Amino acid sequence: MEIEDYWLGILMLAEKVKHSEENIDYCFLQLGAEPEVRINHLPVPVKDSLLLMIIANPELEMSHEQASVFRLDTYTVHIVQNMGLPEEAKEFLTAYLPYCFLPLQARKMGRAVAITHFAQSLDGRIATQSGDSKWIGNEENLVHAHRMRALCDSILIGANTLNFDQPALTVRLVEGKNPQRIVICSSDADFSSLQEKCKDDVIIVGTCDDPQIPQTEYFPFEPNAKGRIDCHALLRFLYQRSLYSVYIEGGSATTSGFMEEKATDIVQLHIAPIIFGSGVSSFNLTEITHVQQAVQFDSFFFRPMGNTYMFVGAMNVGNNA
């Protein structure tokens, strides 16, 4: 079984979970000649297939004699029974299975789950002072970002990132559907990269008048006390459109806005072994005077990413509102 076979199974599972209307206690994912996902029902094992069981209900005690069993804990999974999975497959499944279940957490909160991703230097910079940010991360991080785009319902950036990076925000390096592309911006943003590389409409959200940009749909929001878009209102808006997760790829102002409003649920920081000594910081938050006031995480871990690491931290765990 190749890693891409596991990946196709993960995509099947994510799609099935998103559209399931029943409470999910457990899922079976069967890989092989006849791949299949079953929710709350036992599988019919096929010869030479590989069987995975993911328990989503924390109170459920259940196992299966032929399946490798994972247990979901909000934004992570851990394996409790390994029926011969190689180490590489176990690490891959542990990394991406949790994101199949983001719709469950979104339904609990009544809003989309927000995941922030940055590639940054050792001194916490995501771009030079002139705005250059290509290519801070390594190839493995780039593939990871495309896997996350495929697993999330939507992807969001701010106007500065759009103007400087001119991204397509599509899934190109792995199998998977493109997420709904969303931009927080004003009328002077350059949408050409989004329009030329994909024909799907782009959602624009903002606190200004409709910028009247072709191939886009505009939704106005009331500004918050700081004159910026209300991030919680935006996440509720996405949820109402059945967009249960949003992958935020910058920049600093957009990500910091979500962080300051405590609207960020997962932070992914790819740490590149370089030092800028100047440039744009990953986060630009209100000044604090004591270490105890720093942003804290409910849980975190470091995951190998090619020749370096990625920090993954969870916030708002247990938040049902």
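Colleague: How many salt bridges does the structure hold, and what makes a contact between two side chains a salt bridge?

Modeller: In this predicted model the structure holds eleven salt bridges. A contact counts as one when a side-chain nitrogen of Lys or Arg lies within 4 Å of a carboxyl oxygen of Asp or Glu.

Colleague: Why is the contact of Lys90 with Glu87 called a salt bridge?

Modeller: The closest N and O atoms of Lys90 and Glu87 are 3.6 Å apart, and the cut-off is within 4 Å, so the pair is a salt bridge. Both residues lie in helix H2 (residues 87-96), three residues apart, which is about one turn of the helix.

Colleague: How do you know whether Lys90 and Glu87 are buried or exposed, or something in between?

Modeller: Lys90 has a relative accessible area of 22% and Glu87 has one of 48%. Buried means under 20% and exposed means over 50%, so Lys90 is partly exposed, and Glu87 is therefore partly exposed as well.

Colleague: What makes Glu217 and Arg241 a salt bridge, and where in the chain are they?

Modeller: Their side chains meet at 3.8 Å, N to O, which is within the 4 Å cut-off, so the pair counts as a salt bridge. This pair links distant parts of the chain, because Glu217 is in strand E11 (residues 216-220) while Arg241 is in the loop between helix H7 (231-240) and strand E12 (245-248), 24 residues apart. Glu217, at 35% relative accessibility, counts as partly exposed, and Arg241, with a relative accessible area of 35%, is partly exposed too.

Colleague: What does the salt bridge of Lys226 and Glu260 tie together?

Modeller: The side chains of Lys226 and Glu260 meet at 3.1 Å, N to O.

Colleague: Why is Lys226 called exposed, and what is Glu260 called?

Modeller: Exposed means over 50%, and Lys226 has 52% relative accessibility, so Lys226 counts as exposed. Glu260 has a relative accessible area of 29%, so Glu260 is partly exposed.

Colleague: Where is Pro58, and how do you know that it counts as exposed?

Modeller: Pro58 is found in the loop between strand E3 (50-55) and strand E4 (68-73). Its relative accessibility is 63%, and exposed means over 50%, so Pro58 counts as exposed. The C-alpha atoms of Pro58 and Ile3, which are 55 residues apart along the chain, are separated by 28 Å.

Colleague: Which residues make the nonpolar surface patch, and what is Leu142 called by its accessibility?

Modeller: Trp135, Leu142 and Leu173 make a nonpolar surface patch of about 320 Å². Leu142 is placed in helix H4 (residues 139-151), and at 30% relative accessibility it counts as partly exposed.

Colleague: How many cavities of 30 Å³ or more does the structure hold, and what lines the largest cavity?

Modeller: The structure holds one cavity of 30 Å³ or more, and about 40 Å³ of space lies in the largest cavity. Among the residues of its lining are Tyr75, Ile266, Phe300 and Val312. By class, this lining has seven nonpolar, three polar and no charged residues.

Notes:
Residues numbered from 1 in each chain as written. Predicted model: local features only at pLDDT ≥ 70, side-chain atom pairs only at ≥ 80, totals over all residues. Heavy atoms only, no water. 1 Å grid on protein atoms, 1.4 Å probe; cavity = no way out; pocket = protein on both sides within 12 Å on 5 of 7 lines; lining within 4 Å. Points joined across faces, edges and corners; volume = space filled by probe spheres on them. Nonpolar A, V, L, I, M, F, W, Y, C, P; charged D, E, K, R; others polar. Helix = DSSP H or I, 4+ residues; strand = E, 2+ residues; numbered from the N terminus. Buried < 20%, exposed > 50% of the residue type's maximum accessible area, 1.4 Å probe, protein only. Patch = residues over 30% accessible without salt bridge, like charges linked within 9 Å, V, L, I, M, F, W, Y side chains within 5 Å. Areas by Shrake-Rupley, 256 points an atom, 1.4 Å probe, with all protein chains shown as cover.
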